[in-house]
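Visitor: Hi! Could you walk me through this protein in plain words?

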Amino acid sequence: MDRVIFLDRDGTINEEVEYLHRPEDLRFLPGVGDAIRRLRENGFAVVVVTNQAGVARGYYKEEDVILLHEYMNERLKEQGTFIDHFFYCPHHPVHGIGKYKTSCHCRKPETGMFLMAEQYYQVDKTHSYMVGDKLLDVEAGHNYGIKSVLVGTGYGAETAAEMTEEEQKKAFEHYSPDLLSAAEWIIGEQRGSL
């Protein structure tokens, strides 16, 4: 069985840029390379699951998403790490154009991208996690049956601040200010359970 960390992209790995698709606009958040390297060194596969409504809206093409992901991994390899797989949803049920205007099973908080990952991994749900900066990310993780971590980068801090402690407990297992601290919490929790 494979232990997998599912990561949201925008606001979790990189700075939130409206409809990011150009490599020159990519800015990694602090500590992201270290976080991904630490997770991989501790036996996790690292998989990105990202909604890309910009494709649906016609702002950029699927090829642009793929090229950006390749560029992300080139930059991460300079830091001694990489992301194992990228999955993206190019659809939007309301604002999509043509074939992209559809209510699909892959758009988070649905679980289609997690199921795509099962073509490559035997996901050990007991020891796998979803990490993201939005409630739909942590909800997607729960819908798939894994623990979820909300990070304070992107929209996360604002989201957490608007919730009561009780609401937070129901929505996610842990809150971390950024991906590196989330990675350290996950690694620590795994050591306690293995």
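Visitor: What should I know before we start?

Guide: This is a predicted model, where local features need pLDDT of at least 70, side-chain atom pairs count only at pLDDT 80 or more, and totals for chains, interfaces and linings use all residues. Residues are numbered from 1 along each chain as its sequence is written, and side-chain values use heavy atoms, with hydrogens and water left out.

Visitor: Okay, how many helices and strands are there?

Guide: The protein chain has eight helices and six strands. Helices (H or I, at least four residues) and strands (E, at least two) are DSSP runs, numbered from the N terminus.

Visitor: And in what order do they run from the N terminus?

Guide: The order is β-α-β-α-α-β-α-β-α-β-α-α-β-α.

Visitor: What does the radius of gyration say about the chain?

Guide: The protein chain has 16 Å, which agrees with the value near 16 Å for a compact globule of 194 residues. That radius is taken over C-alpha atoms, and the globule rule is 2.2 Å times the number of residues to the power 0.38.

Visitor: How much of it is buried?

Guide: Of the 194 residues, 49% count as buried. Buried means under 20% relative accessible area, exposed over 50%, and partly exposed in between (1.4 Å probe, protein chains only).

Visitor: Can we zoom in on a strand? Is E5 mostly enclosed or open?

Guide: Strand E5 (residues 147–151) is largely enclosed by the rest of the structure, because four of its five residues are buried.

Visitor: Which strand does E5 pair with?

Guide: E5 pairs with strand E4 (residues 129–132) in the parallel sense, over four bridges. Two strands pair if DSSP finds at least two bridges between them. As one example, Gly132 has Leu150 in E5 as its bridge partner.

Visitor: Where is Tyr19, then?

Guide: Tyr19 sits in the loop between strand E1 (4–7) and helix H1 (32–41). With 27% relative accessibility, Tyr19 counts as partly exposed.

Visitor: And which residues does a cis peptide bond join?

Guide: Lys108 and Pro109 are joined by a cis peptide bond, with omega about 15°. Pro109 lies in the loop between strand E3 (85–89) and helix H4 (112–117).
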